[in-house]
Amino acid sequence: MEHILIIGATGQIGSELTMELRKRYGNANVVAGYIPGAEPKGELKESGPSAIADVTDGEAIASVVKEYHIDTIYNLAALLSVVAESKPKLAWKIGIDGLWNVLEVAREQGCAVFTPSSIGAFGKDTPKDKTPQDTLQRSNTTIYGVCKVTGELLSDYYFNRFGVDTRSVRFPGLISYVTLPGGGTTDYAVEIYYDAIRRGAFTCNVKAGTYMDMMYMPDALNAVVQLMEADPSRLKHRNSFNIAAMSFEPGQIAAEIRKHLPDFKMDYQIDPVKQAIADSWPNSMDDSCAREEWGWKPEYNLQNMTVDMLVKVKEKFDKGLIK
Ligand code: NAD
């Protein structure tokens, strides 16, 4: 792996994955792909090359891949679950037509491709607890989920039919402090830390008792690198691996914050769109295949993540980086 293109490099995951891969493989070898209106800024812009890479334009992706001698593409372009429900056709255009463009370029130019899937790839009839790696995915009620299931199948198709080295994980809700999330169902678990520091109180838009899988960004970044570096002969699965770190409901994250900020208060104002999506997703996934096939093991749980998030978000406020 020497020359990398990250498509969607300015999003919640891309902004951190780009910097992590630059640290590991060299700044000059990692191109930050973006679309006009979402240009890289600051360290992301200064530390390495960047190029326009719109997945809906296959020819443009092909020419960036050629120009920078790219051998590995991380395709993070997508509309997240809540945004996708308001623009289903665009969600498909980016998530599936766009993925097809990326896979075609990869086939023609010999690249490996990483395209994240999600807990959203499961539906309301999927077993909710210890959701198995291989299980029912037909009862999907969101366009986000429809795109994720299709994306998994299309990526496996390109591997089986053309030998393109496609790999992927089903990310849980990701919690991070660098870039705010882009309109997903698990965003509350990031916003709660910002509001805890900002005003000591939070209004949660998902019901008490709604369990979902979550993960701290450092573990997510390690998962991506570990999977892409894994010995292919050990991989029985490809698209996509369940990975899990912690599962909690809103009351538990609030209680954890209260251990550090005893006066923290939380009330609820339920968003029906988010709640319906959350209710169709697993409570917790079984990630034993990822553990066996490429050594997946998370480092963060709700306790040590909360300590780190509160420190890092407070630093941002103290430096005036956020209000
Ligand atoms: P995000 O919304 O923060 O970022 C998406 C990026 O895609 C943005 O930089 C946006 O500019 C870019 N983009 C939009 N349209 C594009 C196009 N036509 N061509 C190229 N780029 C385009 O999303 P994220 O949270 O960083 O998620 C990245 C991937 O990980 C997505 O596939 C998402 O479904 C998946 N995922 C994320 C989470 C999470 O909690 N963040 C959880 C599960 C799965």
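Helix 1 supplies the largest share of the lining of the second largest pocket, five residues (helices being DSSP runs of H or I, at least four residues, numbered from the N terminus). A pocket here is an open set of points on a 1 Å grid over the protein atoms alone, with protein on both sides within 12 Å along at least five of seven lines, and lining residues have an atom within 4 Å of a point. The model is a predicted one, where local features need pLDDT of at least 70 and side-chain atom pairs count only at pLDDT 80 or more, while totals for chains, interfaces and linings use all residues. Residues are numbered from 1 along each chain as its sequence is written, and side-chain values use heavy atoms, with hydrogens and water left out.

The second largest pocket is lined by 26 residues, with Ser15, Glu16, Leu44, Val178 and Thr179 lying nearest its centre. Helix 1 (14-25), helix 2 (42-46) and helix 12 (302-318) are the elements that give two or more residues to this lining. Sorted by class, the lining has 11 nonpolar, five polar and 10 charged residues.

Terms used. On a 1 Å grid over the protein atoms alone, a cavity is a set of points where a 1.4 Å probe fits but cannot get out, and a pocket is an open set with protein on both sides within 12 Å along at least five of seven lines; lining residues have an atom within 4 Å of a point. Ala, Val, Leu, Ile, Met, Phe, Trp, Tyr, Cys and Pro count as nonpolar, Asp, Glu, Lys and Arg as charged, and the others, Gly among them, as polar.
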